[in-house]
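Subject: Structure for you to look at

Dear colleague,

Here is the structure I said I would pass on. Please open it before reading the notes under it.

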Amino acid sequence: MIALTRDVPPSIVECELTHRSRCPIDVDRAIAQHESYQATLASLGCTILRLPAAPHLPDSVFVEDTAVVLPDIAIITRPGAESRRPETASMAEALSAYRPLAFVEAPGTLDGGDVLRIGSRLFVGRSLRSNTEGIRQLAALVAPHYFDIITVDLTGCLHLKSAVTQVGDDTLLINRAWVDASPFDGMALIDVEADESGAANALLVGETVVFPAAYPRTRLLLEEYGFDVRIVEADELEKAEAGVTCCSVLVTQA
């Protein structure tokens with residue numbers, strides 16, 4: 001497994017925000033948290049491949065939004081925030097060594113954080129960052145690879161993966177206040193604790209759930225269900241409306 005990442009830029013203090021109020025970000029602490037996050041991925045067997053630093057792009061550490069990687073193809077997105085579109089070129093260059101590439105084009109917009117893959121299904125959030133045309137293009141690009149698209153509407157959060165993520169083969173972690181659970185019928189659903197609304201964003205690496213330390217009650221719930229949970233500090237990065245999935249793109253090698 002390769003984990004594509006990018007360093008925290010000093011300009012992160014100027015990041016895009018949609019549902020969060022702006023508050024001071026301690027850049028040094030954000031950098032330290034990101035380094036620890038990468039060390040955690042490495043300890044779980046990932047080879048860390050850092051994309052070129054982009055100090056002039058405030059959100060560039062959140063590489064997940066620039067690509068959707070599937071077994072036989074990688075789709076380079078067209079982020080919904082115009083300021084983020086220059087981030088995609090270096091991601092495309094890196095992924096070209098591992099997958100054939102396809103691209104979302106104007107007027108479509110798509111953020112990788114809105115795409116949740118469960119087997120041969122891609123659940124895609126229709127959000128302020130991913131529009132109907134972007135989802136239509138994604139469906140056309142993945143159809144030859146036998147993926148089905150299920151569009152999901154969101155309320156009150158930035159991306160689909162802000163509201164629901166995979167924590168096991170047939171198990172999702174979900175905040176039902178932000179997303180309708182009905183598209184996920186047939187899967188086991190674990191609800192985040194009521195006072196931990198941001199806890200639904202978890203990163204599954206192999207059989208381990210990488211999970212933010214800021215949500216201890218939901219973490220305990222996952223452990224009670226028998227999941228192997230690895231905690232990372234991410235609260236400084238979360239001030240930029242990010243989660244643990246946002247900071248990497250995982251690529252399985254053949």
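This is a predicted model: local features need pLDDT of at least 70, side-chain atom pairs count only at pLDDT 80 or more; totals for chains, interfaces and linings use all residues.

I began with strand 13 (208-212). All of its residues, 5 of 5, are buried, so the strand is largely enclosed by the rest of the structure. The cover is on both faces: T208, V210 and P212 are buried on one side, and V209 and F211 on the other. In a regular strand, side chains alternate between the two faces of the sheet.

Strand 13 pairs with strand 12 in the antiparallel sense, over 3 bridges. With strand 14 the pairing is parallel and has 5 bridges. V210 takes part in both pairings: V210 is the bridge partner of L203, and in strand 14 V210 is bridged to R230.

The hairpin of strands 12 and 13 has 2 residues between the strands, and G206 there takes a positive phi near 65°. E207 is also in the loop between these strands. In contrast to the buried residues of strand 13, E207 counts as exposed because its relative accessibility is 74%, and the cut-off for exposed is over 50%.

Surface

E207 belongs to a patch of negative charge on the surface, where it gathers with D169, D170 and D228.

Y225 is in the loop that runs between helix 5 (216-224) and strand 14 (228-232). Its relative accessible area is 53%, so Y225 is exposed. Y225 and V115 are 110 residues apart in sequence, and their C-alpha atoms are 25 Å apart in space.

Backbone details

Most residues other than glycine have a negative phi, and most peptide bonds are trans.

- The peptide bond between A106 and P107 is cis, with omega about 5°. P107 lies in the loop between strand 5 (101-103) and strand 6 (115-118).
- Y146 is not a glycine, yet its phi is positive, near 65°. It is in the loop between helix 3 (132-142) and strand 8 (148-153), and is exposed at 69% relative accessible area.
- E241, also not a glycine, has a positive phi of about 65°. This residue is in the loop between helix 6 (235-238) and strand 15 (249-251).

Regards

Terms used: Residues are numbered from 1 along each chain as its sequence is written. Side-chain values use heavy atoms; hydrogens and water are left out. Patches are made of residues with over 30% relative accessible area and no salt bridge: like charges are joined within 9 Å, nonpolar side chains (Val, Leu, Ile, Met, Phe, Trp, Tyr) within 5 Å. Accessible areas come from the Shrake-Rupley method with a 1.4 Å probe; for residues, only the protein chains shown count as cover. A salt bridge is a side-chain nitrogen of Lys or Arg within 4 Å of a carboxyl oxygen of Asp or Glu. Lys and Arg count as positive and Asp and Glu as negative; His and the chain ends are not counted. The place of a charge is taken as NZ of Lys, CZ of Arg, CG of Asp or CD of Glu. Helices (H or I, at least four residues) and strands (E, at least two) are DSSP runs, numbered from the N terminus. Buried means under 20% relative accessible area, exposed over 50%, partly exposed in between (1.4 Å probe, protein chains only). Two strands pair if DSSP finds at least two bridges between them.
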